[in-house]
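Morning, everyone. Let me put the structure up, and then I'll walk you through it.

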Amino acid sequence: MQSRWNSAEAAQYTTDLALRVYTSRLLGQDPSLVLHGGGNTSVKVTETNVVGDSEEILYVKGSGWDLATIEAAGFAPVRMAHLLKLAELERLSDPQMVNELKTQMTNASAPSPSVETILHATLPYKYVDHTHADGVVTITNTPNGWERIAEIYGDRVVIIPYVMPGFDLARVCAAKFQAEAGPHTIGMVLMNHGIFSFGATAQESYERMIHLVSLAEDYITQQNATLPTPSASIPDRALSHDLAQLRAELSCFAGCPVILRNHCTPKTLAFAQRDDITTISQQGPATPDHVIRTKRLPLIGRNVAAYAAHYAEYFKTHAHADLTMLDPAPRVVLDPELGLCAVGQSVKAANIVADIYDHTIDVISTATKLGQYQALPAADIFAVEYWDLEQAKLRKGGKPPQFTGEVAIVTGAASGIGKACVAELLKQGAAVVGLDLNPAIESLHDRADFCGITCDVTDEGAIAQALEKTVRQFGGVDLVVLNAGIFPPSCAIASLDTAQWRKVMNVNLDANLMLLRECHPFLKLAPQGGRVVVIGSKNVPAPGPGVAAYSAAKAALTQLVRVAALEWGGDQIRINIVHPNGVFDTGIWTDEVLQARADHYGLSIQDYKTNNVLKVEVTSATVAEMAIAMCGPLFAATTAAQVPIDGGSDRVI
């Protein structure tokens, strides 16, 4: 492991806390040290308070912050004097400890201090670093891990037996460190948990961490336990229907829609195809810190019912009577054809699961090469998974956005109404796939819960590929907004070219038929019922001259929707239509066209935009809000509805 310390960069950080931020970020840049909020760092400083008294303050990483991106505001300042008094207590419950930490902060707006705050306070060093280094965790997850750690480090570290994070761990560490630390001690290894380093300066503490972890990595190499490059072959077949079925069953088990992200790679396939997978994967996570995100055990194969029965029996055996089980569904699925599937109630959560388990695969595989992977006993892991502090966080999380865990597809998503529908769905918690002929769709949003796909919706092969990618990315399809269409130049029927007629029908009607047909198997599996919204047109109830092809295509599409509503109601799929008119912030309404039409009616542009009964302007966002509302609970008993959104058209009325 290489040090990332750069003296020129470090010179820009002129305070103790600023240097603490700098080296924390250095640690966070290496995923083999910390992942997604893992690890802890701290610094002890002396400050003068508002009444002029000097007091020692511990700045410790606050809850919810990630070392890779932490800022000074991410550290919680806690009074050292009180922390040291707490460390002398015989007993302190975790809820009491959390309360004490919060009441001793010098900044009420700072994040909650880490549960390991007291531990950091008891270590007699200015800077303290704590990581879950893969190499160290790997070695401690072997039957003779203690002996191996002692062999590697000698008197350079104090070894701590596994104790659940919190006050009890702080007490054990303080006692062991005081009794065993010597002049050569530069760190502390917590079995099945991680490693600490410390020093008088930020650089010293950081580089000691790098040195200690490097020793563990060198030991693994010397034991010929490094992992070969995976060589499993990726199956050349569609996986979307298998994934959607699995996601539906997992959502049923979880009691809510979940995102399922498929990682079918040589590495994940090789691991899932191991002969001993049912043994090595069922002992628990690499460190209990990961259990909150990944759950206790992965699902092997796709028998969700068997997993549910096993978990229920285990829970009944270990749980206290007053403990309420919250969402026991697995977060990791290992399958010889699918590889790794990461499950979460959001895309962010699923991505964290995937990252953690990618490292867990390395830990398990390397420990097995060292002789045997041996995680903590199940009872210890269960205690962390249903730790009262973690369950309290979940209960305080608040109500998520209404489409959390659901997956939406929007066609014609690069501009206008489609673009607005994407934004509204993302705002309301959905993972969204946008399809458009315009390649700009691929960069419409730079976020994990959006996937833009350049796609010609008139091409059946392109639709099939888009759906395969959608389901591999997010697990299924719950919502579909059919918006893609073309509006041809005005042309009387007497002059209407057959090729133009067919082009309009192909885009505005035939493509939607194909999309509906190909989405149907996935919509049937939507945990909360499939929903489709079609962007129709005022021209259906009130056609005008010169737009025969467009009006006929939209009318036929409306009739198609009515038939689909009749056929799909038994599958719990509802399908509705909005009929917009006068939406002037779409691509077809250039400034020139808008000015010409306003001049034609002898109106100003603003009067032309509001030329309706209510005298309101109808925007893409207005239409999108209605379209997405039709996917929500207010329309749970509605299908085949046709809702005008035109400010009131006298011709429609």
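First, the ground rules. This is a predicted model, where local features need pLDDT of at least 70, side-chain atom pairs count only at pLDDT 80 or more, and totals for chains, interfaces and linings use all residues. Residues are numbered from 1 along each chain as its sequence is written, and side-chain values use heavy atoms, with hydrogens and water left out.

Cavities. A search of the whole structure turns up three of 30 Å³ or more. A cavity here is a set of points, on a 1 Å grid over the protein atoms alone, where a 1.4 Å probe fits but cannot get out; lining residues have an atom within 4 Å of a point. Points are joined across faces, edges and corners, and the volume is the space filled by probe spheres set on them. The largest cavity comes to about 70 Å³.

What lines it? Among the lining residues are Ser281, Lys295, Arg296, Val332 and Tyr357. The lining divides into six nonpolar, four polar and two charged residues. Helix α15, residues 347-369, gives the largest share, three residues. Helices (H or I, at least four residues) and strands (E, at least two) are DSSP runs, numbered from the N terminus.

Next, the cores. A nonpolar core is a set of buried Ala, Val, Leu, Ile, Met, Phe, Trp, Tyr and Cys residues joined through side-chain atoms within 4.5 Å. Buried means under 20% relative accessible area, exposed over 50%, partly exposed in between, with a 1.4 Å probe and protein chains only. The largest core has 68 residues, and Leu246, Leu250 and Val532 have the most contacts inside it. Its largest share, ten residues, comes from helix α20, residues 498-523. A second, separate core has 40 residues, including Leu17 and Ala133.

Now Arg574, in strand β17, residues 573-580. Is it buried or exposed? Arg574 is buried, because its relative accessible area is 13%. Beyond four places in sequence, its contacts (heavy atoms within 4.5 Å) include Gly530, Val532 and Phe635. A polar side-chain atom of Arg574 sits 3.0 Å from the backbone oxygen of Phe635.

Last, Gln428. It is in the loop between α18 (416-427) and β13 (431-436). Gln428 counts as buried, because its relative accessibility is 16%.

Key: On a 1 Å grid over the protein atoms alone, a cavity is a set of points where a 1.4 Å probe fits but cannot get out, and a pocket is an open set with protein on both sides within 12 Å along at least five of seven lines; lining residues have an atom within 4 Å of a point. Ala, Val, Leu, Ile, Met, Phe, Trp, Tyr, Cys and Pro count as nonpolar, Asp, Glu, Lys and Arg as charged, and the others, Gly among them, as polar. A polar contact is a pair of N or O atoms within 3.5 Å; within protein, one must be able to donate a hydrogen and the other to accept it, and residues adjacent in sequence count only if both atoms are side-chain atoms.
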